[in-house]
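Please open the structure in your viewer and keep the selection panel at hand. The stops below say what to select next and what is found there.

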Amino acid sequence: GLGPFGVANALQLLGHYEQIAADSETARHLRQARGLRACTIENVRERSAKVYAKYAPLQFLRYWTELWRTYEDRMGGHASEVAPEQYRLLTAAHMKVPRQRYSD
């Protein structure tokens, strides 16, 4: 069967972006980029739903765009334009990033 993460991903493939497929990477992003220090794997679905609720019905698209922007910032440019060696910066070992301000 599918759990909440799998269901949210399947729904996105069908064009439904209301749910965020939340996992440990989502929790990391919310802690580091959004400053939600109390975000954990246990509460990440609830926290992400609250943070991105104002973007309904496109919550996942807003989250993914924001997350991808942090990836490209770490690599020093657009993913299609940087050297493939820069991709390693996206692994968990290199994910200590300062909080970023996002315009809403």
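Begin with Y71, which counts as buried at 10% relative accessibility, where buried means under 20% relative accessible area, exposed means over 50%, and partly exposed lies in between (1.4 Å probe, protein chains only). Before going further, please note that this is a predicted model, in which local features need pLDDT of at least 70 and side-chain atom pairs count only at pLDDT 80 or more, while totals for chains, interfaces and linings use all residues. Residues are numbered from 1 along each chain as its sequence is written, and side-chain values use heavy atoms, with hydrogens and water left out.

**The whole chain**

Colour the chain by secondary structure: it has four helices and zero strands, and from the N terminus on its elements run α-α-α-α. Helices (H or I, at least four residues) and strands (E, at least two) are DSSP runs, numbered from the N terminus. Of the 104 residues in the chain, 36% are buried. Among contacts between residues at least 6 apart in sequence, 48% join residues at least 24 apart, a contact being heavy atoms within 4.5 Å.

**The aromatic residues**

Now select Y52, Y55, F60, Y63, W64, W68 and Y71, which form one aromatic cluster. A search of the whole structure finds six aromatic pairs. The rings of Y52 and Y63 have their centres 5.8 Å apart and their planes at 70 degrees, so this pair is edge-to-face. Rings of Phe, Tyr and Trp (its six-membered ring) pair if their centres lie within 6.5 Å, and planes under 30 degrees apart count as stacked, over 60 as edge-to-face and the rest as tilted. Because Y52 lies in helix α3 (residues 44-52) and Y63 in helix α4 (residues 59-75), the pair ties together parts that are eleven residues apart in sequence. Both Y52 and Y63 are buried.

Keep the view there and pick out W68 and Y71, which form an edge-to-face pair with 5.4 Å from centre to centre and 75 degrees between the planes. About one helical turn separates W68 and Y71, because they are three residues apart in helix α4. W68 is partly exposed, with a relative accessible area of 31%, whereas Y71 is buried.

**Where α2 meets α4**

Two packed helices are described by the angle between their axes and the distance between the axes. Show helix α2 (residues 24-32) together with α4: their axes come within 11 Å and cross at roughly 75 degrees. Axes here are lines fitted to C-alpha atoms, for helices over the stretch in contact, and angles run from 0 to 180 degrees between N-to-C directions. The helices α2 and α4 are therefore roughly perpendicular to each other, given that angles under 35 degrees count as roughly parallel, over 145 as roughly antiparallel, 65 to 115 as roughly perpendicular and the rest as oblique. To see the contact, select E25, T26, R28 and H29 of α2 along with Y63, E66, L67, T70 and Y71 of α4. The residues of this contact divide into three nonpolar, three polar and three charged; Ala, Val, Leu, Ile, Met, Phe, Trp, Tyr, Cys and Pro count as nonpolar, Asp, Glu, Lys and Arg as charged, and the others, Gly among them, as polar.

**T26 and V44**

Next, centre on T26 in helix α2, which counts as buried at 0% relative accessibility. Not counting residues up to four places away in sequence, T26 touches I20, A21, V44, S48 and Y63. Move on to V44 in helix α3, which is buried at 2% relative accessibility. Leaving aside neighbours within four places in sequence, V44 is in contact with A22, D23, T26, A27, L30 and C39.

**Last stops**

In helix α3 you will also find E46, which counts as exposed at 59% relative accessibility. Then go to P57, in the loop between α3 and α4, where a cis peptide bond joins A56 and P57 with omega of about 5 degrees. Finish at L90 in the segment after α4, which is partly exposed at 22% relative accessibility; the C-alpha atoms of L90 and M75, 15 residues apart along the chain, are separated by 7.8 Å.
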